[in-house]
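Me: Can you walk me through this structure? I'll ask as we go.

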Amino acid sequence: LKTVDLSSFMPEAPVIATGMFNNCGALERVVLPKTGRWRFKDSMQAMFQLCGSLRDLDTSKFDVSQASSLAFMFYGCESLGEIDVSTWDVSNIESFDHFAAHAMLKRKGIEKWDISSAENVNAMFHNCAEEELDLSGYNTSNVQFFSQMFENSPNLRIVRGLEKWDTSNGVSFYDMFG
């Protein structure tokens, strides 16, 4: 499977997309509808996990406002390069666990996310391609799991705003900066 054309696939109800393209290693392109937004509910966990050849995906059309998990969503998507998440309303997301780990991926707009519902940010920026992050707007008061958050990110030189984080509910910080 190299290309999936979903240009006419626009369900009326929000969809659950857990593992939808999981381990489609040869998948290079997903074509989405040109108009409208693709609405998701519950989980998008592992939706594109291990899609190492994926290069073309317009993530700006994703409506994740009813989803609760983005865990492992882009895990291992090493050919994707960059995704635009600037329009995503992630205020209901509880888990960002390994969101784009092992992907060396830039995430356009991630610094403006409202992660106030998050409990798990394990490896959220693991192996990220960014050189600088300003996370001063992140409300981390509900986060319990911070482990491996910035681990194995050789390009990352500056992370701003950590001094503003509320980590009082944190129980796991292992290898956070490993």
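Me: Is Lys 61 buried or exposed?
Reply: Lys 61 is buried, at 19% relative accessible area. Buried means under 20%, exposed over 50%, and partly exposed in between, with a 1.4 Å probe and protein chains only. This is a predicted model: local features need pLDDT of at least 70, side-chain atom pairs count only at pLDDT 80 or more, and totals for chains, interfaces and linings use all residues. Residues are numbered from 1 along each chain as its sequence is written, and side-chain values use heavy atoms, with hydrogens and water left out.

Me: Where is Lys 61 placed?
Reply: In the loop between β3 (38–43) and β4 (62–69). Strands are DSSP runs (E, at least two residues), numbered from the N terminus.

Me: What is Lys 61 in contact with, leaving aside neighbours within four places in sequence?
Reply: Pro 33, Lys 34, Gly 36, Arg 37 and Trp 38. Contact means heavy atoms within 4.5 Å. A polar atom of the Lys 61 side chain lies 3.0 Å from the backbone oxygen of Lys 34.

Me: Which side chain meets Lys 61 in a salt bridge?
Reply: That of Asp 58, at 3.9 Å, N to O. A salt bridge puts a side-chain nitrogen of Lys or Arg within 4 Å of a carboxyl oxygen of Asp or Glu. Asp 58 is partly exposed, at 34% relative accessibility.

Me: How many salt bridges are in the whole structure?
Reply: Six. One of them pairs Arg 29 with Asp 56, the closest N and O atoms being 2.8 Å apart. Arg 29 lies in strand β2 (residues 29–31) and Asp 56 in the loop between β3 and β4, so the pair ties together parts 27 residues apart in sequence. Arg 29 is partly exposed at 39%, and Asp 56 is partly exposed at 37%.

Me: What about Glu 130 and Arg 107?
Reply: Their side chains meet in a salt bridge, 3.0 Å from N to O. Glu 130 sits in the loop between β6 (106–108) and β7 (132–134) and Arg 107 in strand β6, so they tie together parts 23 residues apart in sequence. Both Glu 130 and Arg 107 are buried.

Me: Which residues are linked in a network of salt bridges?
Reply: Lys 2, Glu 28 and Arg 55.

Me: New topic. Which residues touch the most other members of the largest nonpolar core?
Reply: Phe 48, Phe 62, Phe 74, Trp 88 and Trp 113, out of 53 residues. β4 supplies the largest share of this core, three residues. A nonpolar core is a set of buried Ala, Val, Leu, Ile, Met, Phe, Trp, Tyr and Cys residues joined through side-chain atoms within 4.5 Å.

Notes. Helices (H or I, at least four residues) and strands (E, at least two) are DSSP runs, numbered from the N terminus. A polar contact is a pair of N or O atoms within 3.5 Å; within protein, one must be able to donate a hydrogen and the other to accept it, and residues adjacent in sequence count only if both atoms are side-chain atoms.
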